[in-house]
Amino acid sequence: MSLANLLEAAADGRRLSFDQGVRIYKEAPLHELGAAAHARRMQMHPADRVTYVIDTTINYTNVCNVHCTFCAFFRPEGHGEGHTMTHDQVIERVRFAADQGATQIMIQGGVNPALRLEWFERLFERVRREYPHVDIHSLSVSEIVGLAHVEELSTRDVLMRLKTAGMKSLPGAGAEILVERVRKRISARKVKPHEWLGVMREAQILGMPTTATMMFGSIETLEERIEHLDVLRDLQDETSGFTAFIPWYYVPFKTPLRGREASGLEYLRMLAISRLYLDNFAHLQASWLTPGLKLGQLALFYGCDDMGGTIIEEQVVHDAGSTNEATRKQLEEIVLGAGFRPVIRDTYWNLRDDVALATA
Ligand code: SF4
């Protein structure tokens with residue numbers, strides 16, 4: 001099939017094989033790839049809206065026993081700069097976010113073996129009791145696996161107890177690139193790709209929606225990026241449990257791994273191929289935190305239909321050298337500037353017409 005025919009078929013929703021995905025990723029001119037991804041996005045979401053969620057990220061501990069080489073945030077156990085928030089400190093941040101209209105909180109941190117499962121249960125129960133309108137979209141597969149080790153429980157049992165305590169959904173963090181060669185090189189102590197997928201499957205079967213992420217631009221090949229998309233697409237075929245895909249690029253500046261930062265064009269190309277390859281994912285999110293708002297705006301023409309969250313407070317990506325921030329008004333203005341209509345959603349893509357826009 002010619003490249004043009006392949007792009008046309010993908011824009012029309014036809015499934016790409018692995019080889020076809022690699023081919024268009026490598027060979028398609030950027031604008032043609034973007035046009036196909038945008039056509040597909042408009043076919044999936046014909047309305048002119050672009051959604052976003054009012055949320056905050058609370059990085060409750062920087063103590064971590066996983067030691068990823070691409071991470072500038074963590075401190076090993078016993079390090080003088082290691083810190084863990086108290087429940088009161090976390091709740092103070094939830095209050096601050098809720099006062100600004102947040103409907104979602106992402107409590108995420110390192111894998112700190114000093115924290116027991118009960119610590120999270122009590123925290124989540126308190127959030128649910130004091131802020132019942134704020135959804136707990138929190139932790140990551142790494143933290144779930146860490147808790148399972150500490151408690152000598154299965155990951156499924158950990159998820160069930162957290163769900164009972166109030167956790168509603170599991171973010172897709174910590175996937176990086178779901179290829180064993182890459183994991184061994186950049187995060188040898190992290191969960192293996194099949195384990196990451198296994199915990200996601202368990203959460204989804206338990207009725208917890210999840211997202212899926214990808215951190216690209218470290219040491220992986222283009223083929224390995226498509227492999228990552230491929231295993232996610234397979235699991236989504238099986239469970240339909242992913243709400244959205246969120247690719248973001250590695251920020252190298254203060255990390256042990258170092259390397260270079262992906263360019264804006266690489267970012268847009270990755271978004272477009274993601275939109276076309278992941279034919280069974282409803283939403284593609286523009287992760288403006290690393291590329292910044294201006295590139296985030298351009299992402300809306302490369303397959304994205306969602307601007308992610310306001311991320312009122314975030315530390316992990318900032319510690320790696322990113323300096324991007326946004327207010328609700330700024331997020332809405334870049335959506336309006338691109339010719340779309342900003343609409344507030346919750347974690348599960350329910351539209352929240354009852355929450356006023358900052359630009360209203
Ligand atoms: S990325 Fe997460 S798991 Fe890896 S070292 Fe940093 S905090 Fe720990």
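Let me start with the open sheet of three strands, whose order is β9-β1-β10 and whose pairing is parallel; please keep in mind throughout that this is a predicted model. The edges of this sheet are formed by β9, covering 306-309, and β10, covering 341-345, each of which pairs on one side only. If you compare neighbouring strands of this sheet, they are turned against each other by 25° on average, with direction ignored.

Strand β1, which runs over residues 49-53, pairs with β9 in the parallel sense over two bridges, and within that pairing Thr51 stands opposite Asp306 in β9. Helix α14, made up of residues 328-337, packs on the sheet and touches β1, β9 and β10, and its direction makes about 135° with that of β10.

I now turn to the other sheet I would like to show you. It is an open sheet of four strands, again with parallel pairing, and its order is β2-β3-β4-β5. Here β2 (55-59) and β5 (167-169) stand at the edges with a single partner strand each, so one side of each has no neighbour in the sheet. The twist in this sheet averages 40° from one strand to the next. Looking at one pair in detail, β2 and strand β3, which spans residues 104-108, are joined in the parallel sense over five bridges, and Asp55 is the residue that stands opposite Gln104 in β3.

How many cavities of 30 Å³ or more does the count give? By the rule applied here, it comes to three. The second largest cavity holds about 80 Å³ of space, and the residues lining this cavity include Tyr60, Gly110, Asn112, Phe120, Glu143 and Val150. Which element gives the most to the lining of this second largest cavity? That is α6, with four residues. By class, the lining of the second largest cavity has seven nonpolar, three polar and one charged residues.

The volume of the second largest pocket is about 190 Å³. Its lining consists of 13 residues, and Asn65, Val66, Val145, His149 and Arg189 are the ones that lie nearest its centre. Divided by class, the lining of the second largest pocket has six nonpolar, four polar and three charged residues.

Finally, the ligand. Which residues are around the ligand? They are Cys64, Val66, His67, Cys68, Phe70, Cys71, Phe74, Gly110 and Lys190. By class, this shell has six nonpolar, two polar and one charged residues. Two of these names have come up already: Val66 is among the residues nearest the centre of the second largest pocket, and Gly110 is among those lining the second largest cavity.

Conventions: Residues numbered from 1 in each chain as written. Predicted model: local features only at pLDDT ≥ 70, side-chain atom pairs only at ≥ 80, totals over all residues. Heavy atoms only, no water. Pairing = 2+ DSSP bridges. Axes fitted to C-alpha atoms, helices over the stretch in contact; angles between N-to-C directions. Contact = heavy atoms within 4.5 Å. 1 Å grid on protein atoms, 1.4 Å probe; cavity = no way out; pocket = protein on both sides within 12 Å on 5 of 7 lines; lining within 4 Å. Points joined across faces, edges and corners; volume = space filled by probe spheres on them. Nonpolar A, V, L, I, M, F, W, Y, C, P; charged D, E, K, R; others polar. Near = heavy atom within 4 Å.
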